[in-house]
Amino acid sequence: MLTSELDEIAKEIKKCRKCKLWLTKQNYVPGEGNCKALIVFVGEAPGREEDIHGRPFVGNAGKLLTEMISRKLNLSRKDVFITNILKCRPPNNRDPLEEEIKACKPYLIRQLKSIRPKAVVCLGRHSASLIFSFFGLEFNGISKERGKIYEVEVEWGKMKVIAVYHPAAALYKPPLREVLEKDFEKIGSILKKRRTLEDFMEL
Ligand code: URA
């Protein structure tokens, strides 16, 4: 919960050499946003733009994500926390390797434990697969799991886990964009029924 805890994790990430990606990355991308966020978004790994700027989701997929957060949830990037499974860009945006996920996962788990969110939104199959398995949920593929709202018991109470298609997938497969919009609407519509985000999450 303390800002310093998240800062400390970011500092450690910026010195990380637990896998080989530090050799090819330009910048570490620890994540950014509200240290008390009620919703955390978890993507796959930084892409080209994110690697250049050291910030998550600032390229085309990021623009779509930012737009969804604003238009469908009525929130800004400053209200939420945005991060990735991997904190360094894999060369040519290839899929994360098992050993990279294994090495990087503790940072994500520590970030979640520090923020103590009420909901985690998994962006895409890599994120969903890791987060579902970590919290003991069965993952049956992104097309089956997307849009379903699960709830898990965590050290800080109950936390919702929701998988959606990755915004990048929605950009290159237009029919998926509609589905992504609907899934964000689903999160947003429950939100609107409640006075505050905190109330919504208590549903
Ligand atoms: N795709 C991701 O999964 N994460 C980013 O930060 C950018 C694109």
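Guide: On a 1 Å grid over the protein atoms alone, a pocket is an open set of points where a 1.4 Å probe fits, with protein on both sides within 12 Å along at least five of seven lines, and its lining residues have an atom within 4 Å of a point. This is a predicted model, in which local features need pLDDT of at least 70 and side-chain atom pairs count only at pLDDT 80 or more, while totals for chains, interfaces and linings use all residues. Residues are numbered from 1 along each chain as its sequence is written, and side-chain values use heavy atoms, with hydrogens and water left out.

Visitor: Which residues lie nearest the centre of the largest pocket?

Guide: They are Glu-44, His-166, Ala-168, Ala-169 and Tyr-172, out of a lining of 29 residues. Two or more lining residues come from each of α3 (48-53), α4 (60-73), α6 (125-134) and α8 (167-172), where helices (H or I, at least four residues) and strands (E, at least two) are DSSP runs numbered from the N terminus. The largest share, four residues, is that of α8.

Visitor: Which residues are closest to the centre of the second largest pocket?

Guide: Eleven residues line the second largest pocket, and Leu-6, Asp-7, Ala-10, Gly-31 and Phe-81 are the closest to its centre. Both α1 (3-13) and β1 (32-33) supply at least two residues of this lining, with α1 giving the most, four residues.

Visitor: In what order do the strands of the sheet stand?

Guide: Two strands pair if DSSP finds at least two bridges between them. Here six strands make an open sheet of mixed pairing, in the order β1-β3-β2-β4-β6-β5. The edge strands, β1 and β5, each pair on one side only.

Visitor: How many bridges join β2 to β3, and how many join β5 to β6?

Guide: Strand β2 (residues 39-43) runs parallel to β3 (residues 81-84) and is joined to β3 by four bridges, with Val-40 having Phe-81 as its bridge partner. Strands β5 (residues 149-154) and β6 (residues 157-164) run antiparallel and are joined by six bridges; Glu-153 stands opposite Lys-158 in β6, and a hairpin of two residues connects β5 to β6.

Visitor: Which strands does α4 touch, and which does α6 lie across?

Guide: Contact means heavy atoms within 4.5 Å, and angles run from 0 to 180 degrees between N-to-C directions of lines fitted to C-alpha atoms, for helices over the stretch in contact. Helix α4 packs on the sheet against β2, β3 and β4 (119-123), with its direction at about 150° to that of β2. Helix α6 lies across β2, β4, β5 and β6, and runs at about 140° to β4.
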